[in-house]
Amino acid sequence: MRRTLAALACCCLLALLGSSQTLAVYNGAADSTNHPAVGFVLGTKGADPCDYEAQAIGCSGVLIAPDLFLSTADCTSSISDSIATGFIDDGWIILDAEPLVAGAIEPTLDCNKFIHIESYDFNPQYLITGDGDVGVMTLAATQSITPATLPPVRNLKHNPKKRLQN
């Protein structure tokens with residue numbers, strides 16, 4: 001059952017990936033490689049992370065330091081727990097707007113772009129109360145991509161244009 005779900009998730013991901021030249025979307029429009037620090041987490045099962053039947057998408061996040069990837073506590077704890085229980089064997093980050101093998105007959109993720117996740121840390125309060133949905137994954141190797149710049153503490157600007165309309 002789990003293998004079927006993982007294969008189904010992978011097929012959906014690959015169909016989505018194959019439907020467009022660029023994957024990055026910003027403000028509703030494709031932005032190609034304008035946000036290289038944004039990436040997604042991939043969980044894999046088995047010895048070969050390139051085996052597409054063993055790949056399951058996890059979540060998205062952003063590189064905030066050369067070896068730190070910021071995501072949600074929900075994602076970070078799920079990936080970590082899935083490794084601990086044996087549902088998946090490893091976690092990877094892909095930081096590329098076009099992670100597919102160029103010229104491949106079928107949409108296939110380029111395994112040369114996989115970055116191994118070394119450790120997982122998340123706000124434990126999230127598991128108790130659901131508050132503080134923040135997690136960080138430490139990468140096994142530093143990245144040359146410029147990390148995203150976070151706003152100063154307690155300095156998130158209010159943007160009235162982003163209000164939801166009733």
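Let's start with a hairpin. It joins β4 to β5 through 2 residues. Keep in mind that this is a predicted model. Strands β4 and β5 pair in the antiparallel sense, over 3 bridges. Look at L63: it stands opposite F69 in β5.

Now follow F69 to its other neighbour. Its bridge partner in β8 is M137. Strands β5 and β8 run antiparallel, joined by 4 bridges.

Back to β4. It also pairs with β3, again in the antiparallel sense, over 7 bridges. There, V41 stands opposite C59 in β4. Remember C59. We will need it.

So what do the strands build? 6 strands close into a barrel. The order is β3-β4-β5-β8-β7-β6, with antiparallel pairing. From one strand to the next, the twist averages 45 degrees.

Next, the helix. α2 packs on the sheet. It touches β3, β4, β5, β6, β7 and β8. Its direction makes about 105 degrees with that of β7.

After the helix comes G86, with a positive phi, near 85 degrees.

Which residues of α2 are buried? They are A73, C75, T76, S77, I79 and S82. What covers them includes β3, β4, β5, β7, α3 and β8.

On to the cysteines. The structure holds 2 disulfides. A disulfide is a covalent bond between the sulfur atoms of two cysteines.

Here is C59 again. It forms a disulfide with C75, the sulfur atoms 1.6 Å apart. C59 lies in strand β4 and C75 in helix α2, so the bond ties together parts that are 16 residues apart in sequence. Are these two buried or exposed? The cut-off for buried is under 20% relative accessible area. C59 has 17%, so it is buried. C75 has 7%, so it is buried too.

The other disulfide is C50 with C111, sulfur atoms 1.9 Å apart. This pair links distant parts of the chain, 61 residues apart. C50 sits in the loop between β3 and β4, and C111 in the loop between β6 and β7. C111 counts as buried, because its relative accessibility is 19%. C50, at 33%, is partly exposed.

Last point: the pairing pattern. Number the bonded cysteines in sequence order, and you get 1-4, 2-3.

Definitions and conventions: Residues numbered from 1 in each chain as written. Predicted model: local features only at pLDDT ≥ 70, side-chain atom pairs only at ≥ 80, totals over all residues. Heavy atoms only, no water. Buried < 20%, exposed > 50% of the residue type's maximum accessible area, 1.4 Å probe, protein only. Contact = heavy atoms within 4.5 Å. Pairing = 2+ DSSP bridges. Axes fitted to C-alpha atoms, helices over the stretch in contact; angles between N-to-C directions. Disulfide = S-S within 2.5 Å.
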